[in-house]
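Hi,

Here is the structure I promised to pass on.

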Amino acid sequence: MTVPLLSSFKLRSLEFANRIGVSPMCQYSSEDGFANDWHLVHLGSRAQGGAGLVTTEAAAVLPEGRISPDDLGIWKDEHIPALARIAGFLHAQGSHAGMQLAHAGRKASTLSPFVGSGLVLAKDGGLQLVAPSAIAFGPSYAVPAELDQVGIDAVVEGFRRAAARVLQAGFDFVEIHAAHGYLLHEFLSPLSNHRTDEYGGSFTNRARLLIEVADAVRREWPEHLPLFVRISATDWAEGGWDIDESVQLARLLHDHGVDLVDCSSGGLVSDAKVPVAPGYQVRFAARIRREAGIATAAVGMITEPAQANEIIAKGEADFVFLARAMLRDPYWVLHAAAALDEQASWPRQYLRAAPTGSPARKELAPDEMVVAQDGRVGG
């Protein structure tokens with residue numbers, strides 16, 4: 001294998017077949033937090049397409065921590081069987097399976113985009129918003145309740161129990177969601193955290209809850225399996241969380257058993273000015289990898305195989321995690337391999353569509369080779 005993007009990579013006991021991951025993407029298709037056939041097909045098709053790792057959407061560790069009422073959950077044991085079915089299918093396709101654990105904080109209880117925008121009202125089952133401080137996300141959001149110590153302890157315990165359920169469901173890695181303006185990010189940023197107790201003020205205090213969560217998850221999560229954390233490397237807002245603090249946080253996370261930092265940005269304030277462009281967040285992954293000595297994933301407007309391969313080849317990140325590109329093309333990895341003049345492992349059920357001359361085609365029986373070569377697909 002000469003193409004960096006398609007080379008293997010090891011974290012703890014897991015060896016990933018390539019450096020391409022499916023990012024968590026909310027599907028707004030759950031009822032009471034349960035996964036269903038939509039999630040199986042959505043995630044499973046990307047594993048069939050060759051992704052080295054596939055991560056579920058943000059799964060709420062507490063029912064009130066859902067971004068929308070239609071989001072995935074992992075707050076009760078009854079969620080486990082449907083998730084286990086998904087993990088088993090992902091494994092059967094050669095992908096490693098992960099779950100992202102989340103609490104939406106002051107951005108919880110919003111309408112799914114299929115329904116509209118704004119908050120779900122209390123009369124319609126809306127949830128109590130909580131945050132480090134009683135500061136609303138924006139003009140159309142309710143003012144959240146400030147978490148007290150009992151509430152903070154419940155959040156940490158929610159993440160711990162969720163990690164235990166993820167393990168029981170058979171997943172290979174966990175990602176803690178501390179980005180995009182959700183609860184753990186809200187504690188990190190001085191724009192949303194105005195506390196004067198041990199969870200506010202200094203960098204150490206603002207990072208305290210995330211470290212407590214990481215420690216709790218790591219206690220449940222086996223030593224031989226990796227732990228990821230997604231962060232927003234900057235708030236893109238004056239006086240907010242920035243890349244310097246992100247490097248400092250990454251060092252701290254590494255010391256607490258975290259193996260990879262998934263480097264996104266923004267989401268904390270509604271009026272942030274984000275300079276969106278192809279690969280605009282890659283520099284954050286590169287700097288954190290270089291200065292914190294921890295594996296990183298680059299995300300954000302990475303769409304082309306050559307672009308993704310260059311990120312890995314230049315050592316700017318250890319993985320690229322794709323979202324919209326994977327929605328457009330579940331078989332992005334297979335097509336990327338062809339574009340980079342490299343071989344890929346096709347599902348045997350699809351071998352008739354593999355490029356001519358591919359070693360995979362040699363697995364076909366002679367009569368099937370004829371069908372493949374003349375373009376007819378028989379039943």
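Below is what I found, grouped by the part of the chain it belongs to.

First, the ground rules: this is a predicted model, so local features need pLDDT of at least 70 and side-chain atom pairs count only at pLDDT 80 or more, while totals for chains, interfaces and linings use all residues. Residues are numbered from 1 along each chain as its sequence is written, and side-chain values use heavy atoms, with hydrogens and water left out.

**The annotated domain**

UniProt, in an unreviewed entry, lists residues 8-340 as "domain: NADH:flavin oxidoreductase/NADH oxidase N-terminal". Positions from that record are in the numbering used here, its feature names are shortened, and its annotations may be inferred rather than shown by experiment. Over residues 8-340, 34% is helix and 16% is strand, and the end C-alpha atoms lie 16 Å apart. Helices (H or I, at least four residues) and strands (E, at least two) are DSSP runs, numbered from the N terminus.

I'd start with β8, residues 173-178. Six of its six residues are buried, so the strand is largely enclosed by the rest of the structure. Buried here means under 20% relative accessible area, exposed means over 50%, and partly exposed is in between (1.4 Å probe, protein chains only). In a regular strand, side chains alternate between the two faces of the sheet. In β8 both faces are covered, with F173, E175 and H177 buried on one side and V174, I176 and A178 on the other.

Which strands pair with β8? One is β5 (residues 96-102), in the parallel sense over four bridges, and another is β9, also parallel, over five bridges. Two strands count as paired if DSSP finds at least two bridges between them. G98 has F173 of β8 as its bridge partner, and H177 has R230 of β9.

Leaving out residues up to four places away in sequence, H96 touches L14, E15, F16, G52, L53, V54, D172 and F173; a contact means heavy atoms within 4.5 Å.

**Salt bridges**

How many salt bridges does the structure hold? There are 19, each being a side-chain nitrogen of Lys or Arg within 4 Å of a carboxyl oxygen of Asp or Glu.

One of them joins E175 and R230, at 4.0 Å from N to O. E175 lies in β8 and R230 in β9, so this pair ties together parts that are 55 residues apart in sequence. E175 is buried, with a relative accessible area of 1%, and R230 is buried too, at 5%.

Another links R85 and D37, with the closest N and O atoms 2.8 Å apart. This pair also connects distant parts of the chain: R85 is in helix α2 (residues 80-92) and D37 in helix α1 (residues 37-48), 48 residues apart. D37 is partly exposed, at 47% relative accessibility.

E316 and K314 form a salt bridge as well, their closest N and O atoms being 3.9 Å apart. K314 is exposed, with a relative accessible area of 53%. Salt bridges that share partners also join R12, R218, E223 and D259 into one network.

**Helix α7**

The 13 residues of α7 (residues 243-255) should span 18 Å at 1.5 Å a residue, and the end C-alpha atoms are 19 Å apart, which agrees. The expected span is 1.5 Å times one less than the number of residues. I243, E245, S246, V247, L249, A250 and L253 are the buried residues of α7. Their cover includes α4 (183-188), α6 (208-220) and α8 (282-292), along with β10 (260-264). After α7 comes G257, whose phi is positive, near 90°.

**Two loop residues to look at**

W236 has a positive phi, near 55°, in a residue other than glycine. W236 sits in the loop between β9 and α7 and is buried, with a relative accessible area of 16%. M301 is not a glycine either, yet its phi is positive, about 55°. M301 belongs to the loop between β11 (295-298) and α9 (305-313) and is partly exposed, at 41%.

Cheers
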